[in-house]
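Me: Please work through the fold and selected residues of this protein chain in question-and-answer form.

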Amino acid sequence: MLINIDHYKLLKDLLTKNQVTLVAVSKIQSIEKIKALYDLGERNFGENYVQELCSKQQELQDLEINWHFIGHLQSNKVKYIAPFIHLIQSVDSLKLLKEINKEAKKNSRIINCLLQVYIAKEETKFGLDENELAEILNFKEQGNLENIEIKGLMGMASFVDDENIVKSEFNYLQSIFNQNPQFEILSMGMSGDYELAISCGSNMVRIGSSIFGARKL
Ligand SMILES: *Cc1c(COP(=O)(O)O)cnc(C)c1O
């Protein structure tokens with residue numbers, strides 16, 4: 001089973017035109033597929049599981065890949081990805097951010113992070129509410145977390161067919177993004193909803209299955 005090259009090229013054209021960055025979500029996909037996409041020029045790859053990410057990173061360490069972490073991250077696993085991670089998109093607590101800061105310091109790095117905001121009305125999703133977000137930004141403004149750079153926001157919309165619901169969730173995240181002019185990255189949109197996300201101001205999309213094919217669990 002090969003990657004969907006035609007779709008990738010069309011997608012890449014569309015994103016470039018709109019100045020949107022692609023993160024190719026390679027969770028549960030093979031090393032061969034990652035290499036195939038890398039050979040087409042892709043450099044940003046996203047993973048959800050620490051162990052899987054670390055073994056892929058090790059195997060592909062001669063390649064110039066920017067690894068993005070996009071899954072739920074437990075504090076006790078930060079140490080494994082801190083030496084190499086390019087962007088942690090799924091920061092959902094101050095406790096986690098403090099741990100990332102500590103491990104960044106140990107590795108003499110600044111680690112780029114996005115704050116994941118809870119925008120879907122689904123219990124299974126993670127993310128900060130507006131109060132928690134304000135608390136974190138406030139804490140950072142006071143001069144803490146010096147080894148962290150907060151680059152922006154990430155959000156996942158509800159998995160529903162009703163475009164109006166998804167759109168209102170994206171609009172909500174965009175409004176928070178616009179209230180914080182220091183932010184650069186607004187990461188929203190996946191295979192099923194990236195066009196809508198871009199129309200709502202997204203400048204980074206995380207796309208897996210439409211490039212790599214369905215994930216076999
Ligand atoms: C799996 C995943 C994606 C990609 O989903 P697709 O529907 O395969 O494009 C994007 N973002 C997050 C946070 C994910 O877990």
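Me: Among contacts in the protein chain between residues at least 6 apart in sequence, what percentage join residues at least 24 apart?
Reply: The model is a predicted one. A contact here requires heavy atoms within 4.5 Å. Of the contacts between residues at least 6 apart in sequence, the share that joins residues at least 24 apart is 59%.

Me: How many helices and strands are there in the protein chain, and what is its radius of gyration?
Reply: The protein chain holds 9 helices and 8 strands. For 217 residues the globule rule gives 17 Å, and the computed value is close to that, so the chain is as compact as a globular protein of that length. Its C-alpha atoms fill a box of roughly 50 × 40 × 30 Å along the principal axes. The radius of gyration is 17 Å.

Me: What part of the accessible surface of the protein chain belongs to carbon and sulfur atoms?
Reply: Buried residues make up 51% of the 217 residues. The accessible surface of the chain comes to about 10900 Å². The part of that surface belonging to carbon and sulfur atoms is 47%.

Me: How far apart are the mean positions of the positive and negative charges?
Reply: The protein chain carries 24 positive and 29 negative charges.

Me: What is the relative accessible area of Ile-28?
Reply: Ile-28 is found in the loop between strand 1 and helix 2 (31-39). Phi of Ile-28 is positive, near 65°, and the residue is not glycine. Ile-28 is partly exposed, and its relative accessible area is 29%.

Me: Which residues is Ser-75 in contact with, leaving aside its neighbours within four places in sequence?
Reply: Ser-75 lies in the loop between strand 3 (66-69) and helix 4 (78-81). With a relative accessible area of 16%, Ser-75 is buried. Leaving aside neighbours within four places in sequence, its contacts are Lys-95, Leu-96 and Glu-99.

Me: What covers the buried residues of helix 5?
Reply: Helix 5 (residues 94-106) has 13 residues and reaches 19 Å from its first C-alpha to its last, close to the 18 Å expected. Its buried residues are Leu-94, Leu-96, Leu-97, Glu-99, Ile-100, Asn-101, Glu-103 and Ala-104. In an α-helix there are 3.6 residues a turn, so residues three or four places apart point the same way. The cover of the buried residues of helix 5 includes helix 4, strand 4 (87-91), strand 5 (111-117), helix 6 (130-141) and strand 6 (148-155).

Me: Which residues does Lys-98 touch, not counting residues up to four places away in sequence?
Reply: Lys-98 is found in helix 5, and with a relative accessible area of 42% it is partly exposed. Lys-98 and Asn-144 are 46 residues apart in sequence, and their C-alpha atoms are 9.0 Å apart. Beyond four places in sequence, Lys-98 touches Phe-139 and Leu-145.

Me: How far apart in space are Lys-106 and Asn-147, C-alpha to C-alpha?
Reply: Lys-106 also lies in helix 5, and at 60% relative accessibility it counts as exposed. In sequence, Lys-106 and Asn-147 are 41 residues apart. In space, their C-alpha separation is 9.7 Å.

Me: What is the relative accessible area of Gln-89?
Reply: Gln-89 has its place in strand 4. Leaving aside neighbours within four places in sequence, its contacts include Val-23, His-68, Leu-114, Met-154 and Arg-206. The C-alpha atoms of Gln-89 and Gly-71, 18 residues apart along the chain, are separated by 8.0 Å. Gln-89 is buried, and its relative accessible area is 0%.

Me: Which residues does Gly-208 touch, not counting residues up to four places away in sequence?
Reply: Gly-208 has its place in the loop between strand 8 (204-207) and helix 9 (209-212). With a relative accessible area of 5%, Gly-208 is buried. Gly-208 and Asp-129, 79 residues apart in sequence, are 26 Å apart in space, C-alpha to C-alpha. Beyond four places in sequence, Gly-208 touches Val-25, Ser-191, Gly-213 and Arg-215.

Methods: Residues numbered from 1 in each chain as written. Predicted model: local features only at pLDDT ≥ 70, side-chain atom pairs only at ≥ 80, totals over all residues. Heavy atoms only, no water. Helix = DSSP H or I, 4+ residues; strand = E, 2+ residues; numbered from the N terminus. Rg over C-alpha atoms; globule rule 2.2 N^0.38 Å. Buried < 20%, exposed > 50% of the residue type's maximum accessible area, 1.4 Å probe, protein only. Areas by Shrake-Rupley, 256 points an atom, 1.4 Å probe, with all protein chains shown as cover. Lys, Arg positive; Asp, Glu negative; His and termini not counted. Charge placed at Lys NZ, Arg CZ, Asp CG, Glu CD. Expected span 1.5 Å × (residues − 1).
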